[in-house]
Amino acid sequence: MAEAGIRAGCRAYFGYPITPQNELLEYMAAHMPKVGGIFIQAESEVAAINMCYGASAAGARTMTSSSSPGISLKMEGISYLAGADLPTVLINVVRGGPGLGNIAPAQGDYFQATKGGGHGDYRMIVLAPATIPESIELVMLAFELADRYRVPVMVLADGMLGQMMEPVLFPEPVDPAALPAKPWAITGARGRRPNRISSYFLDPAELSARNVKRQRRYQQIEEQEIRYEEHETADATLVVAAYGSVARIARTAVRMARSEGIKLGLLRPITVWPFPYSPLRALSRRVDAILTVEMNAGQMVEDVRLAVAERAETPFYGKLGGLVPTPKDILREVKRYAS
Amino acid sequence: MPVNAKSMVKVFERPKSLTDVQFTYCPGCHHGLVTRIIAHTIDELGLQERTVVVAPVGCSVSMYEWFHFDGIQASHGRACAVATGIKRVNPHLIVFTYQGDGDLAAIGTAESIHAANRGENITVVFINNQIYGMTGGQMAPTTLIGQWATSCPTGRDPALAGYPIRFAEIVAQLDAPVYVTRQSLYDQKRIMATKRAIKKAFQYQVEDKGYSLVEILANCPTNWRMSPVETNRRLADEVVKSYPLGDLVDRV
Ligand SMILES: Cc1ncc(C[n+]2csc(CCOP(=O)(O)OP(=O)(O)O)c2C)c(N)n1
Ligand code: SF4
């Protein structure tokens, strides 16, 4: 993911060590200088996100990464980035929580990532990869989307992805000099009027106007950027909804179910915000149940239920505390609704 | 007698680096003086097209509106981290933060010290007015022993709230900073000295020398509940006893 960031033209990375994402920070420490980029091990996650805020305002493609407790510390900064319309890419390699929790894979940060997390009326694009090759693809995409919409974008990974090895093919690197200009950036007011980057607007009418404008951009994102994958859903009577590593495990469960004659399919959101409500709505019209499987006590399932309403059953199966569901666990759960 | 405009000499004019937007500071507040001194300094050094102000949260929260150069608003306490991000991406820019004592020496202690310790090539202007101005006069880490504030209504008690923090001294014992000084504004001589200190700090940044901190003992007539004249007397008689004036580090 670090290499993907550099290839996406990221030239400023700021981070603070936390397991399970230290390899990312260490990779940046070794490789950023080679491309003339900036690496700083910040004094905290709070400092790191505010360095991103400054670096992004100065026009660079910027990135920070952390894991759950560190992401909590970044929340005020994310809100400021959103409020000042600054692009930045964040990686959250989610671990078990709440509190210090543990370093095992988990998905307990879904609400934080997709429903706000920080204060104020903002949104963040959240991309959830299921494999290492997809992580690379989505990190590259994250930088594109961040710049296009001037929003913070999060790649929501988990400890399993953070500690896995898979062969990958890297895309061609992007030349930062060839990227579209950012006329809003603070580069020195030479031959132009001063640029100002702020989220502070004391006048309610002005703040409202800015917020309304930003909400229109969010709407555009919802119309154009929803990504998801459907697997074996064409004839399915039952569907598992899962994202990230869990979706990968669910794929095996689909194969096992099909070998036993159960018509199981999988819907995997790739963007968890914007969330693929309409494909789920469409599925809910022709299946009996949509089983949401997560490594938490039930977070994405709330979005699934919003999409499905009462059209199909919407049970939930979750593993907590860093425990990972097996394909057999999922299959067993599926069978309860298959009859 | 008719006045011949041509024969008049302009002895006072608005710095080019200031916009027409009115300051929101209270009358008699030293913030206004320092803001003006900075604008003047940027004019003198010819840096208007390269300068970036990092505004804090505090009474100077919207100071980027007052300067005729690029600016950015930082979250409470994080100005030095924001300045770090900007300066590292674009070392050609002249980047300064302007922070109150709550911003720099309470909530932002970590960012303020570590930017100094990394020797970021930035200028930090620190307004030590011994109180939280914007939020209505609560105790600051710099509040004097016995001083009244809304959140220490019987005066600052060291048993409860510790002692006034001498931030310049803390920064001065680090290896990286090139210039650390404490100044004040209670009389004409002090104002001129502050002006020279700010100019030197910017000059060092232009020369790529490294990190500078200019701490300025300032007033807050509104929340000290004194007239501006009385605040100057207090600064000269009381405040300097806790915060000695002068250069602490000048490595250039
Ligand atoms: C995270 C956060 N906490 C608290 C505040 C409220 N707040 C605004 S300004 C301020 C203190 C300002 O005091 P100081 O830094 O001394 O600057 P002054 O107003 O005196 O210039 C506080 C606590 C805030 N904006 N953000
Ligand atoms: S509240 Fe105090 S520090 Fe703030 S502008 Fe008024 S006098 Fe100055």
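Domain bounds here come from an automatic or database domain assignment. For chain A, that assignment gives domain 1 (2-183 + 198-224) and domain 2 (228-335). The C-alpha centres of domain 1 of chain A and domain 2 of chain A lie 27 Å apart.

This is a predicted model, in which local features need pLDDT of at least 70 and side-chain atom pairs count only at pLDDT 80 or more, while totals for chains, interfaces and linings use all residues. Residues are numbered from 1 along each chain as its sequence is written, chains are lettered from A and ligands numbered from 1 in the order in which they are written, and side-chain values use heavy atoms, with hydrogens and water left out.

## Between the domains of chain A

Contact means heavy atoms within 4.5 Å. By that criterion, 31 residues of domain 1 of chain A touch 26 residues of domain 2 of chain A. The two domains bury about 2400 Å² between them, with 56% of it on carbon and sulfur atoms. Buried area is the accessible area (1.4 Å probe) that two parts lose on being put together, summed over both. On the domain 1 side, Gln107(A), Tyr110(A) and Phe111(A) lose the most area to domain 2 of chain A, together 31% of what that side buries.

Polar links are also present. There are 16 residue pairs in polar contact between the two domains (both at pLDDT 80 or more). A polar contact is a pair of N or O atoms within 3.5 Å; within protein, one must be able to donate a hydrogen and the other to accept it, and residues adjacent in sequence count only if both atoms are side-chain atoms. The side of domain 1 that touches domain 2 of chain A divides into 19 nonpolar, 5 polar and 7 charged residues. Here Ala, Val, Leu, Ile, Met, Phe, Trp, Tyr, Cys and Pro count as nonpolar, Asp, Glu, Lys and Arg as charged, and the others, Gly among them, as polar.

## Between the chains

The contact between the chains takes 35 residues from chain B and 33 residues from chain A. Chain B and chain A bury about 2600 Å² between them, 61% of it on carbon and sulfur atoms. In chain B, the residues that lose the most area to chain A are Glu49(B), Asp70(B) and Val89(B), together 23% of what that side buries.

The chains share 14 residue pairs in polar contact (both at pLDDT 80 or more). On chain B, β2 (70-73), α2 (79-89) and α4 (109-118) each supply at least two residues of the side that touches chain A. The largest share, 7 residues, comes from α2(B). Helices (H or I, at least four residues) and strands (E, at least two) are DSSP runs, numbered from the N terminus.

## Salt bridges

A salt bridge is a side-chain nitrogen of Lys or Arg within 4 Å of a carboxyl oxygen of Asp or Glu. The structure holds 33 salt bridges over all chains. Of these, 3 join chain B and chain A. The count between domain 1 of chain A and domain 2 of chain A is 3.

| Salt bridge | N to O distance |
|---|---|
| Glu49(B) and Arg190(A) | 3.8 Å |
| Asp303(A) and Lys115(A) | 2.7 Å |
| Arg268(A) and Glu134(A) | 2.8 Å |

## Sheets and backbone

An open sheet of 8 strands has the order β8(A)-β2(B)-β1(B)-β3(B)-β4(B)-β6(B)-β5(B)-β7(B), with mixed pairing. β8 of chain A and β7 (246-250) of chain B stand at the edges, each with a single partner strand, so one side of each is left without a neighbour in the sheet. Strands pair if DSSP finds at least two bridges between them. Strand β8 (residues 196-197) of chain A runs parallel to β2(B), joined by 2 bridges. Gly71(B) is the bridge partner of Arg196(A). Strands β3 (residues 94-100) and β4 (residues 123-128) of chain B pair in the parallel sense over 5 bridges.

In chain A, β4(A) and β5(A) form a hairpin with 5 residues between them, and Gly99(A) in the turn has a positive phi of about 65°. The peptide bond from Gly97(A) to Pro98(A) is cis, with omega near 0°. Another cis peptide bond joins Trp273(A) and Pro274(A). Arg150(A) has a positive phi of about 55° although it is not a glycine. Arg150(A) sits in the loop between α6 and β7 of chain A. Most residues other than glycine have a negative phi, and most peptide bonds are trans.
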